[in-house]
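We'll go stop by stop.

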Amino acid sequence: MVEPPPGLATPEAEPPLRSPLLYATVLVIATCGLTYELVAGTLASYVLGDSITQFSTVIGCYLSALGVGSYLSKFIQRRLSHRFVEIELAVGLIGGCSAPLLFLVFGNWPGAFRLWLYGLVALIGILVGLEIPLILRILEKAVKFRDLVAQVLTFDYLGALVASLLFPLLFVPHLGLIRTSLLFGLANALVGLWSTWLLPALRDASFLRVRAVAVIVLLTLAYSQAGRMTTLAEDQLHDDTIVHAQTSRYQRIVMTQAGPRFSLFLNGNLQFASVDEYRYHEALVHPLLGNLPRIRRVLVLGGGDGLAVREILRYDEVEEIVLVDLDPAITELARQNLLLRRLNEDALHSPRVTVINADAFTWIAEEKSLFDAAIVDFPDPSSFSLGKLYTRRFYRQLEKRLDPAGGAAIQCTSPLFARRSFWCIQETLESAGFGVHPFHAAVPSFGEWGFSLALKSGEADPMTRRRPLPDGLRFLDGDTLPSLFVFGPDLAPVPVDVNRLNDQLLVRYYTDDWESLG
């Protein structure tokens, strides 16, 4: 054995690389990276609408940024472990703060929101794009290249699967967007801290650990104030005081109040204002139910707030009302919230009402029983997930569920502000076999609003009154009702195409109509 020369110390052996733990790190960082992308896409769809467009553009921006990050990784030549930890801390801080920052920007500088949105998505994508190439280079001397690439990419894709499953099922409904982004920011920062012990040849580990702890403390403090941050963000979006806010599996639900009046918002869009909702719901329900020969069984699609059901219950002849609404959080709110219960007159507690929480698009295709009447009260077709409920396919399924003498009343957005959208819905209903009779009413919170009386008997007269208007109405009477079917020149029909499931032209009409208003 050869002894080292006198005075020359034996070099300390480099600690072995614990590659299985690094694979677990890959799983965590992949989950975090995709979660930031999902947070950005969801938040953009909340405040801008049209979820398909928002997710498509966010995903495109993020994936291209991943490519930029991967390319830039080749310029990192030295201290790979050190740079990896720094990147983790940067991703954790920027990604974790992305949701509260975007809410803040939209509330204060809405014109700059898209710039901040895509800027943050691009920056996070570039940083995440640096991670995997650095992991591969750190592991290249410890693992055969063939096994290295297979194993790292396997855990990377598994992380994407974990994020895509847990984000809609667990994190958004139970934590909301702000807490979710902060939680995953913490996960990235903890990976950075853990990596200071895990990675080999890491110099200045003590200083890196101090920085990691500082980021973790900052994100933890932010997480502890997430409730206040959420309230602040939503206060900037609403003029009135928020009295109820929750995130369900499907949407953000907010109720605001000012004095005796209150309003309900879904994903930032006004659903009703208590001060004038009666004009909308009386117009939606009574022209149809007064026209039909029989109204024993009534179907309500959407309308989970119970306000349309309240109007239907005014008819003693109605024996059964089946309400189909996607979100159980809405129907539960209508049953439990005192403000909403007073407004809907405890409609969802009536023994004549059956509530079904299901997607109306699939439910109506599977349902076999017939109804005398249907009230269709969906949100406006601002996205493809809503636009499918205004397609020819959906209306043909609805037509099959109606008695031969039956009919439906459908909310159809504004014939003044979304003129092409309104007449597209009429054209689509007619193509599905209905006799279509459009009408409209003034609802101050919304403006001029449109509806359609869609009767299975094409010869039916919408002015036929088989039963009188019920007592207690505040808007409709015998003189007002006929005027609803009169359209002035600025509301007259315009050329449109039928809304079909494979193209959903209505969503494009709707987006263009409302954006043209500035």
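Which residues is T428 in contact with, leaving aside its neighbours within four places in sequence? Select T428 and you'll find Y390, T391, R392, Y395, V498 and N499, where contact means heavy atoms within 4.5 Å. T428 belongs to helix α16 (residues 419-431); helices are DSSP runs of H or I with at least four residues, strands are E runs of at least two, and both are numbered from the N terminus. T428 counts as buried because its relative accessibility is 0%; the cut-off is under 20% relative accessible area, with a 1.4 Å probe and protein chains only.

A word on what you're looking at: this is a predicted model, where local features need pLDDT of at least 70 and side-chain atom pairs count only at pLDDT 80 or more, while totals for chains, interfaces and linings use all residues. Residues are numbered from 1 along each chain as its sequence is written, and side-chain values use heavy atoms, leaving out hydrogens and water.

Next, pick strand β3 (residues 261-266), where five of the six residues are buried. β3 pairs antiparallel with β2 (residues 252-258) over six bridges; pairing takes at least two DSSP bridges between the strands. Click T256 and its bridge partner S263. In the hairpin of β2 and β3, G259 takes a positive phi near 65 degrees. On to β4 (residues 269-273), joined to β3 by four antiparallel bridges. Here L266 stands opposite N269, and N267 in the turn has a positive phi of about 50 degrees.

Last stop: F113. Leaving aside neighbours within four places in sequence, its contacts include L43, V47 and L102.

How values were computed. Buried means under 20% relative accessible area, exposed over 50%, partly exposed in between (1.4 Å probe, protein chains only).
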